[in-house]
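These are my notebook entries on one structure. I set down what I looked up, entry by entry.

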Amino acid sequence: CFALGNCTMLQIDALPAFNDNYIWLLQDTTQKRCAVVDPGDAAPVLEWLARHPDWVLSDILITHHHFDHVGGVAQLHAHTNAKVWGPALETIPARQVALNDGDRIEVLGLEFQILLVPGHTLGHIAYYHQDPTAPLLFCGDTLFAAGCGRLFEGTPEQMHHSLTRLAALPAHTGVYCTHEYTLSNLRFAQAVEPNNPDIAARVAQVTQWRAEGRISLPSSMALELRTNPFLRVHETSVKEKADEWNSRDNDSPSAVFASLRSWKDRF
């Protein structure tokens, strides 16, 4: 629970869904209003609301159209009349406000900037709250802890551009992605950079957390820049491993990214 610049007291919790999804629950503890990000299943949210009958679900934020992110939207909207925000370029159930790149919206008294980050899907968006002390990024399946989403619809060039855009956010930005993939992503990161001490330390920490039943999120942009191979395509050692994987000189950062993504798909 932390105070943001406009004196909103915000608590963020993860509601587990399916095998490895997280539905982010944003709680304005001063007003007892809450919002959820990517509710693929309505049940965990409805259960939380039943345990907190004096709270109101005011907003539903969607990053992209995949079912494990939107499957609970219509039921939640019907039950709570929460406002549904989602990407303009995709079909989102019950969406009321279509969001484009650069839009600015207010949720729970906080301003979020909309970033179009295609790659995983073509219309994928992220929600960024710029705060001097605690900037927040809800990035769906574009950027993962120590990884990135598969390219189901976009090109490697698009995804590399999207990740570069996110990597330029402040180093202390909290990174809230939507899957518990961190440990498997770190195993790949170690294959790419076996001598990176930050990756080794993160593997040990996340392994302990998971053994204790703790989640590995949120991350931070600073940590991703040190340990996420998909944000480290400019590093010589990363390029050399990418070249080794596809037996060619990957002569641009996006080509290095494409090689790494192809390798990860088969890892």
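I looked up D54 and found a relative accessibility of 45%, so D54 counts as partly exposed; buried is under 20% relative accessible area, exposed over 50%, and partly exposed in between (1.4 Å probe, protein chains only). I note that this is a predicted model, in which local features need pLDDT of at least 70 and side-chain atom pairs count only at pLDDT 80 or more, while totals for chains, interfaces and linings use all residues. Residues are numbered from 1 along each chain as its sequence is written, and side-chain values use heavy atoms, with hydrogens and water left out.

I then looked for the partner of D54. K32 forms a salt bridge with D54, with 2.7 Å between the closest N and O atoms; the term requires a side-chain nitrogen of Lys or Arg within 4 Å of a carboxyl oxygen of Asp or Glu. K32 is in the loop between β3 (21-28) and β4 (33-37) and D54 in the loop between α1 (42-51) and β5 (56-61), so the pair ties together parts 22 residues apart in sequence. Helices (H or I, at least four residues) and strands (E, at least two) are DSSP runs, numbered from the N terminus. K32 is partly exposed, at 35%.

I counted salt bridges next: the structure holds 13. One of them joins D28 to R33, at 3.9 Å between the closest N and O atoms. D28 is buried, with a relative accessible area of 3%, whereas R33 is partly exposed at 29%.

I also recorded the salt bridge of D198 with R226 (3.8 Å, N to O). This pair links distant parts of the chain, with D198 in helix α6 (residues 197-211) and R226 in helix α7 (residues 221-227), 28 residues apart. Both count as partly exposed, D198 at 33% and R226 at 38%. Salt bridges with shared partners join R150, R261 and D265 into one network.

I turned to helix α8 (residues 236-246), where the buried residues are V238, A242 and D243. They lie on the same side of α8, because they cover an arc of only 135° around the axis, taken from the directions from the helix axis to the C-beta atoms. T236, E240 and E244 are exposed on the other side. The cover over the buried residues includes α5 (182-192) and α9, by contact of heavy atoms within 4.5 Å. After α8 comes S247, with a positive phi near 55°.

Last, I checked H77, in helix α3 (residues 73-80). H77 is buried, at 19%. Beyond neighbours within four places in sequence, H77 contacts I60, A82, V84, A94 and Q96.
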